[in-house]
Amino acid sequence: MEAVRLENEYVALEPLALGHVEALERAAGDGNLWDLWFTSVPAPGRMTEYVEAALRGQEEGRMSPWAVRENATGQIVGSTRFYDIVPDPSRVAIGYTWYARRWQRSHVNTACKHLLLSHAFLNVGAVAVEFHTDAYNQDSQWAIEKLGAKREGVLRAHKRRNDGSLRDTVCYSILATEWPDVDKWLQLRLRRLASL
C-alpha cells in the first residue's frame with residue numbers, strides 16, 4: 001500500500017518518517033503515555049526503534065503508518081496506521097493509534113478516523129475496516145464505539161503486550177455497506193467537536 005498524505009481541515013496524516021521522531025517524543029511525553037501498560041506507546045528513547053519497526057512493516061506490505069499533525073497548531077500530536085492489510089477480500093485494521101494527552105477527547109481522533117475510513121473504503125476498496133484494542137483500554141473501546149463501529153467479540157490471550165503479558169483483544173469493525181451512514185455521523189461529530 002503506497003504511503004500517501006491525507007488531510008482535511010482539522011488534521012494532516014503525514015507518511016511516517018524518521019524525521020518525525022523528535023516531535024513524536026514530545027507528543028508521547030504529554031501525559032507520559034508509555035506509563036499505560038496496555039498501550040504500544042514507546043518509552044523515552046525508544047521512538048526511533050518504534051518508527052523503524054513501522055517503516056519495516058510498510059516495506060513488507062503489512063502496514064501503512066502516519067504521523068498526525070493538528071492543523072490549527074501545526075504540531076505533531078500522535079501516530080496511527082493501517083495494519084493487518086489483506087488483499088482479498090480487501091480488509092485493513094486501523095490501530096497503533098495514540099495522541100498526546102492534550103488532544104485526547106478532542107476533534108483529533110474523529111478527524112483522523114474519518115480520513116482513514118474514507119481512504120480505506122473509497123480509495124483502497126476495503127470491504128471492512130477492523131479495530132482491535134486491549135480489553136483493559138476502556139477509553140479506546142469508548143472511542144471506537146463512538147465512531148459507529150460494531151463490537152464483534154473478544155480474542156482471549158490473543159497477543160503479548162510490551163511488558164510480555166498476554167492481552168485479551170476486543171475486536172470491532174465497520175463494513176463498506178455501513179460507510180455512508182458512518183460518514184454522515186462522523187461529519188456531524190466533527191462539526192460539533194470543532195465548535196467546542
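Predicted model: local features only at pLDDT ≥ 70, side-chain atom pairs only at ≥ 80, totals over all residues.
How far should H3 span, and does the model agree or disagree? Counting 1.5 Å a residue, you'd expect 26 Å for these 18 residues, and the end C-alpha atoms sit 24 Å apart, so the two agree.

Now the ends. At the N-terminal end, serine 106 does the capping, with a side-chain oxygen 3.2 Å from the backbone nitrogen of valine 108. At the other end, H3 is followed by glycine 125, and the phi of that glycine is positive, near 80°.

Okay, on to the core. The largest nonpolar core has 49 residues, and the ones touching the most other members are Trp98, Leu117, Val129 and Phe131. Which helix gives this core its largest share? That's H3 again, residues 107-124, with eight residues.

Let's zoom in on leucine 117. If we skip the neighbours within four places in sequence, leucine 117 is in contact with Ile94, Val129, Phe131, Ile174, Trp179, Val182 and Leu186. Two of those, Val129 and Phe131, were also on that list of residues touching the most other core members.

Next, leucine 190. You'll find leucine 190 in helix H5, residues 179-194. Is leucine 190 buried or exposed? Its relative accessibility is 4%, and buried means under 20%, so leucine 190 counts as buried. Again leaving out neighbours within four places, the contacts of leucine 190 are Tyr10, His107, Thr110, Ala111 and His114. For a sense of distance, alanine 93 is 97 residues away from leucine 190 in sequence, and the two are 22 Å apart in space, C-alpha to C-alpha.

Now have a look at serine 90, in strand E5, residues 90-99. Serine 90 has a relative accessible area of 14%, so this one is buried too. And what does serine 90 touch, beyond four places in sequence? The answer is Val124, Gly125, Ala126, Val127 and Ala128. Gly125 there is the glycine with the positive phi that follows H3.

Last stop: helix H1, residues 21-29, and helix H2, residues 47-59. Their axes come within 9 Å and cross at roughly 115°. The crossing of H1 past H2 is right-handed. Who's actually meeting whom? On the H1 side we have Val21, Leu24, Glu25 and Ala28, and on the H2 side Met47, Thr48 and Val51.

That's the tour, thanks.

Notes: Residues numbered from 1 in each chain as written. Heavy atoms only, no water. Core = buried A, V, L, I, M, F, W, Y, C linked by side-chain atoms within 4.5 Å. Buried < 20%, exposed > 50% of the residue type's maximum accessible area, 1.4 Å probe, protein only. Helix = DSSP H or I, 4+ residues; strand = E, 2+ residues; numbered from the N terminus. Contact = heavy atoms within 4.5 Å. Expected span 1.5 Å × (residues − 1). Polar contact = N/O pair within 3.5 Å; in protein donor to acceptor, adjacent residues only side chain to side chain. Axes fitted to C-alpha atoms, helices over the stretch in contact; angles between N-to-C directions. Left-handed = near helix turned anticlockwise from the far one by under 90°.
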